[in-house]
Amino acid sequence: MREHTTSRSEASSSNSNSARPDSSATLEDLRSESSMLINKADDTPPLNYGIATIEDEFEVHEIGSLVDVGDLEPSFSFRKLLRFAGPGFAMSIAYLDPGNICSDLHCGAVAGYKLIWLLFLTHALGLYVQTLSARIGIVTGQNLAQHCYRQFNRGIRIPLWLICELAIIGSDIQESIGTAIALYLLFGIKIWAGILMAAILSYFILGIQRFGARKVEALFIAMIAVMCGCFGVEVFMANPDVREIIRGLVVPQIPKNATVQAVGIVGAVIMPHNLFLHSALVGTRRIKRTANIRHASIREANFYTTLESAVALLFSFVINATILVVFADIYSRGNAINAFHLDEQHLPGLAEAADLLRQAFGAIGPLLWAIGLLSSGQSSTATGTMAGQYLMQGMMQLRVSPWLRLFISRSISLVPTMLVGILFTSHLDQFDEWLNVLQSLALPFALIPTLKLAQSSKLMNEFAICSHWRVFGWITAAAIIGLNVYLLLPLVVQLASLGVAAAGVSFLSLGLYLLFVCILIVSKVE
């Protein structure tokens with residue numbers, strides 16, 4: 001496998017791109033042409049940027065076709081922006097999944113408007129790390145999972161894959177249960193049956209990929225529009241205090257009783273699997289890589305991808321903020337606790353939130369809530385499954401058919417989701433909060449490889465991030481790791497009080513977590 005990869009990476013930039021077919025070529029034609037180019041690899045000089053070849057670009061996009069973005073534009077072009085639009089909005093779905101929605105309503109219930117600034121900050125940090133991930137995919141033509149396969153040995157790669165797969169499973173539990181709750185609110189369908197329906201629907205959504213990347217991206221954008229409409233109407237119905245909203249946005253503060261919710265925002269908003277997803281999705285755009293315009297084409301692609309990601313995440317922030325604001329307004333009235341006997345130990349879940357909205361806005365409140373939640377859960381389930389596909393294929397190099405790989409990756413998440421839905425129905429909300437924390441714990445294992453690859457001058461050449469952004473990235477990673485340790489220490493101490501065995505297991509687990517983080521940091525990337 002590695003000899004085959006090395007052979008491909010030696011193909012010349014000029015030959016491979018001058019022979020690149022036009023946008024009307026079929027996938028089979030492109031594969032045939034790629035094979036011809038690979039056979040000439042021994043007689044040609046190495047690539048100038050990264051290690052991508054035509055075949056590499058198509059390895060992860062067996063379903064659907066690439067989108068031709070056209071020729072270079074001398075100035076900003078809205079039409080060119082539309083051609084690049086899609087991957088960023090698909091990426092932003094993960095910022096709007098049911099885990100985020102539950103985190104938003106908990107933050108509004110516990111801290112009022114005081115955590116809006118943190119919500120905005122995490123979206124800004126999300127834009128930074130998503131931009132790095134996308135740049136890796138654009139410059140090298142290969143996604144983050146493929147680079148992890150090439151850069152790390154089995155002793156690092158397999159635990160890294162398992163941790164990221166665990167994060168995807170945790171996210172999928174949230175998304176499938178969110179969809180199931182929405183179906184229960186709308187049609188009275190039982191939770192376990194709703195989980196099965198969510199799994200089946202995700203196959204249909206992903207099946208749209210066979211008709212091209214643009215089709216599935218349009219579906220995701222439509223689902224975001226549904227969420228904007230549903231949750232936007234509710235915030236206007238709430239009529240919140242605008243001054244308090246502005247104060248919550250510009251005055252940083254974390255109430256003492258909202259520490260878990262604050263850490264949960266980081267885990268809920270910035271998801272580790274989303275870095276793998278975004279670096280792969282940008283590969284659906286075919287940019288001109290001929291030698292004379294390669295540098296300018298990559299720079300243009302980076303610009304439009306960053307701009308599209310910023311617009312998409314702005315929409316995500318607004319939607320998340322509207323949910324937080326609605327429940328902050330409901331709790332500020334003082335009626336929620338009295339009516340539902342809710343306190344800091346029993347926060348409203350996704351189902352109880354519908355009852356709160358019914359009391360506040362009448363029958364229209366829970367209806368809008370359920371429709372928005374259904375769009376959130378079903379779209380994020382689909383993107384999570386896509387991330388699992390890219391992760392499994394890229395990091396483990398499993399060569400199976402796209403539909404078999406889809407079935408395997410979907411089944412890995414479905415089994416634990418069904419167990420939670422059947423056995424722990426009365427504790428779904430507590431699971432949801434701690435699953436957000438799980439995302440935060442797993443985040444360094446996607447963020448650290450992203451930073452190391454993005455700063456590698458050998459891999460990225462002049463597109464490697466500059467020194468001040470590099471420092472900013474590592475400060476961000478250190479802050480996330482510090483938050484995780486701060487959250488874990490009380491739990492470790494509590495478990496240690498149960499006995500010597502529990503103390504040994506808890507401290508050993510914390511030590512292994514920090515050790516693996518350090519191993520990733522010191523690992524060399526070439």
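Predicted model: local features only at pLDDT ≥ 70, side-chain atom pairs only at ≥ 80, totals over all residues.
**Close-up 1. Glu 217 and Arg 214 sit about one helical turn apart in helix H12.** Because these two are three residues apart in helix H12 (residues 213–238), about one helical turn separates them. Is Glu 217 buried or exposed? Glu 217 is buried, with a relative accessible area of 7%, while Arg 214 is partly exposed at 35%.

**Close-up 2. Asp 241 pairs with Arg 243.** The closest N and O atoms of this salt bridge are 3.7 Å apart. Asp 241 counts as partly exposed, at 31% relative accessibility; Arg 243 is exposed, with a relative accessible area of 67%. Turning back to Arg 214 and Glu 217, salt bridges that share partners join them with Arg 285 into one network.

**Close-up 3. Lys 80 and Glu 300 link helix H5 with helix H16.** Here is another of the six salt bridges that the structure holds. The closest N and O atoms of Lys 80 and Glu 300 are 2.9 Å apart. Lys 80 belongs to helix H5 (residues 78–84) and Glu 300 to helix H16 (residues 294–332), so the pair ties together parts that are 220 residues apart in sequence. Both Lys 80 and Glu 300 are buried.

Close-up 4. How many disulfides does a search of the whole structure find? The search finds zero. For Cys 102, the closest cysteine sulfur is that of Cys 107, and at 9.7 Å it is too far for a bond; a disulfide would need the two sulfur atoms within 2.5 Å. Cys 102 is buried, with 1% relative accessibility, and Cys 107 is buried too, with a relative accessible area of 1%.

**Close-up 5. Helix H13 contributes to a nonpolar surface patch.** Phe 120, Val 242, Ile 246, Leu 249, Val 250 and Val 251 make up this patch of about 520 Å². Helix H13 (residues 242–250) gives the largest share, four residues. Leu 249 is found in helix H13 and counts as partly exposed, at 36% relative accessibility.

Close-up 6. The chain averages a pLDDT of 81, and 81% of the residues score at least 70. Which elements have the lowest and the highest mean pLDDT? Helix H4 (residues 54–59) has the lowest, at 39, and helix H22 (residues 444–454) the highest, at 95. Over residues 1–63 pLDDT stays under 50, and for this stretch the model has 120 contacts beyond four places in sequence.

Key. Residues numbered from 1 in each chain as written. Heavy atoms only, no water. pLDDT = per-residue confidence, 0-100. Contact = heavy atoms within 4.5 Å. Patch = residues over 30% accessible without salt bridge, like charges linked within 9 Å, V, L, I, M, F, W, Y side chains within 5 Å. Areas by Shrake-Rupley, 256 points an atom, 1.4 Å probe, with all protein chains shown as cover. Salt bridge = Lys/Arg side-chain N within 4 Å of Asp/Glu carboxyl O. Buried < 20%, exposed > 50% of the residue type's maximum accessible area, 1.4 Å probe, protein only.
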